[in-house]
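Please look through the model shown here. The text below goes from the meeting of the chains to the domains within each chain.

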Amino acid sequence: MTWLRLLRAEWTKFLSVRGWAGGVAVAALLILLFPVVGLGGSRDQASPVPIGPDGEPVSDSYYFVSRSLSGDGQITVAVNGLASTLGTPWAKAGLIITAGSEPGARYAAVMVTGGHGVRMQHDYLHDRAGSASARWLRLTRGGDTITGESSVDGRAWSRIDTVRLPGLATTVRAGLFVACPARVQGVGTAADTATAEFGTPRLAGAWSPGEWAGAQVGAHTPGFAGYAPGSPGSFTASGSGFTVAGAGDLAPATRGDVPVGAAAGDLLLGTFPALIVVVVVATLTITTEYRYGLIGGTLSAGPSRGRVLAAKATVLAGVTFAAGLVATVVAIPLWLRLIRGLGIFVFPAPPGVLLRAEVGTAAVLAVVAVFALAVGTVVRRSATAVTTVVVTTVLPYLLALVPFLPPPMAQWLTRFTPVAGLAVQQTVIRYPQVDTVYTPANGYYPLPPWAGLAVLCGYTVLALGLASVLLRRRDA
Amino acid sequence: MSDATIEVAGLRKRYGSTTALDGMTFAAVPGRVTGFIGPNGAGKSTTMRIILGLHTADAGQARVGGRPYRSLRYPLRSLGALLDASALHPARSGRNHLLWLAQSQGLGRRRVDEVIEQVGLTAAGRRAAGGYSLGMRQRLGIAAALLGDPPAIMLDEPFNGMDPEGIVWLRGFLRALAGQQRAVLVSSHLMSELQGMADHVVVVGRGRVIADSSVADLIAAASGDRVLVRTGASREAAAALVAAGAEVTRADQDLLGVRGMAAERIVAVLAAGRVPFSELAPHRATLEEAYLDLTGEAVEYRATTTEVAP
């Protein structure tokens, strides 16, 4: 097989220039060691991050106007108004039944929102949309099953969802709640307070006698963004019902909610310096052939030029992928252990997601190496080629990771440039029911992992195609 | 080794407005060293690049053993070539340079060691090629050309940068290769490098062949019918010979070149005029002179000579 022989020749060529093999080893070391620069940060946390029933970090803070309910029962209320200082779309006002008072406890709630209509949500992760215009809400408990309904007029009701809260005690706290997450503004957020006008709740079942008690829940949890200035939480009873002001959220926590937390994807920050090294090495493997006139020898030994290019690409991709994979597979578990040992909160990610980030990062390095080879073949001069590849891969990467870059620009960069491939490093989850700063700097990418990698591969295939045509057509 | 002939026919190549090759046609056949000679810019390297399939000709064909180079499966086993001895990655050792070439042709390490030994680079083989002298690079390039034990060998200016010892070695080496019935094509811009080694010369200028003949024929043609006459009385001798109808040029203080008159007649004329002379010999041109005769018109770049007053 001439192909295997070409491959072997290119392999020998790669290994016999010490700087190239060494460069790839350095890239692997950079991935392995780079997280060290992120250490020494904030490890003291005021209080632990609440963990929800599914093991994920959550925001569990809201203004709660409650009584206790023993056994089965029902609560119905009209939400006559909901407004927040900054107009946050996910401001929430409605009814809630909670399994306990500890942060992260199970709950089921039905609510009117600032901009997303009526929803029924439970246990932080689960969200179901109801009517867009309903103003009446009802929660019904039967055992550990909770049913949420809504109505436009208080007479005709439609069910939104029925959910189970396993292990719900006989006596629970239930009542009205108001929450308001911080409003996303550019690359940051601003605390907001929502105020809701409730009618008088209609109760059925064994509710505790006496007055409604109002209090802010979770004011000291890390995810609580606080109130808008001059608008503290409050609860006022009037003849026709209650006025409740509150802040916080009942939702899965995001990077924006737990800024001191780390994501496993952060531990791959060394990909950035590694990428620079890989780009330089991969470009030089072809541009030095032109520089020293060696290309003549290469093409007279292998006159099928397309195959020569394919052999070079295969060797580069193989070497960078293998080195990258060794580095990531060691780095992630090692550093996760280390930073957890230091008491830093880490957003949980299942093993499959970590493996995808590890394999994906190695793949990104390999594909970028092939991209650099292709650009080097087209451009032929080391300096021009390295500059071109740095401008198209390393620079967008750098910009995308700058925390103060406007989010639309960061999203554009990670959607349409070759660095879209970094999406493989996302280990945190984007929730449709949570507005936050979903930027690459926070570990959120606009494309799904393999779609992002496909964008990078698309650029690489184009560049490789052009390189192949030019290599075949040009005099060497 | 009948499939060893290197032949080009009607090659044409333009680079922008420059015509590099203008109908280049010749063949280097097995069993002899063919000198490929011409001034710089005459198209020698371009021709060799086209033979190797590195450049594409605008017209014409180049074949090695009857086949286009690019159709060969393991081309280095058919034609070994040295185009540019400096075409090396400076960080790669000479041995590794040969190793990847060998692997691409399905050859092993043992063959690499053999050719390294053959060109006398065993000691330097493991050092980075960046530290090699030009002569060592030439030897490495020749080793690369020999790697596939090819029936045809093509070397572009292999004597450049070689020390006298290396030149003697290479001449003998190329003669030996031709003796093994290989076709050997060697380019040079200095005829003197090929004298005593080439059997056949292809002289080129401005992209086409000016002369394609055996070395003996070329020298005979250039020598003409000139007779050299050494005499202390050169003025009288010249006057007598011109009067007798000869064409006379002064070659030196005491040396005249006489054309258009046989040696016996010259003797008779000088004797009749009582002009003394000490030596009379037919002129035999050197290969260099023959070359200069031929390329005089074809040289593209030439230093402008300035007359300096005595």
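Two residues are in contact if their C-beta atoms, placed from the backbone, lie within 7 Å. By that rule, 24 residues of chain A are in contact with 29 residues of chain B. This is a predicted model, where local features need pLDDT of at least 70 and side-chain atom pairs count only at pLDDT 80 or more, while totals for chains, interfaces and linings use all residues. Residues are numbered from 1 along each chain as its sequence is written, and chains are lettered from A and ligands numbered from 1 in the order in which they are written.

Which elements give two or more residues to the side of chain A that touches chain B? They are helix H1 (2-15), helix H2 (18-33) and helix H4 (294-301) of chain A. Helices here are DSSP runs (H or I, at least four residues), numbered from the N terminus. H1(A) gives the largest share, 7 residues. On this side of chain A, 9 residues are nonpolar, 10 polar and 5 charged. Nonpolar means Ala, Val, Leu, Ile, Met, Phe, Trp, Tyr, Cys and Pro; charged means Asp, Glu, Lys and Arg; the others, Gly among them, are polar.

Now take chain A by itself. It has domain 1 (2-42 + 260-473) and domain 2 (58-252). The bounds come from an automatic or database domain assignment. Taken over C-alpha atoms, the centres of these domains of chain A are 46 Å apart. Contacts join 11 residues of domain 1 of chain A to 11 residues of domain 2 of chain A. The domain 1 side of that meeting holds 7 nonpolar, 3 polar and 1 charged residues.

Chain B is assigned domain 1 (2-220) and domain 2 (225-284). Their centres, over C-alpha atoms, lie 45 Å apart.
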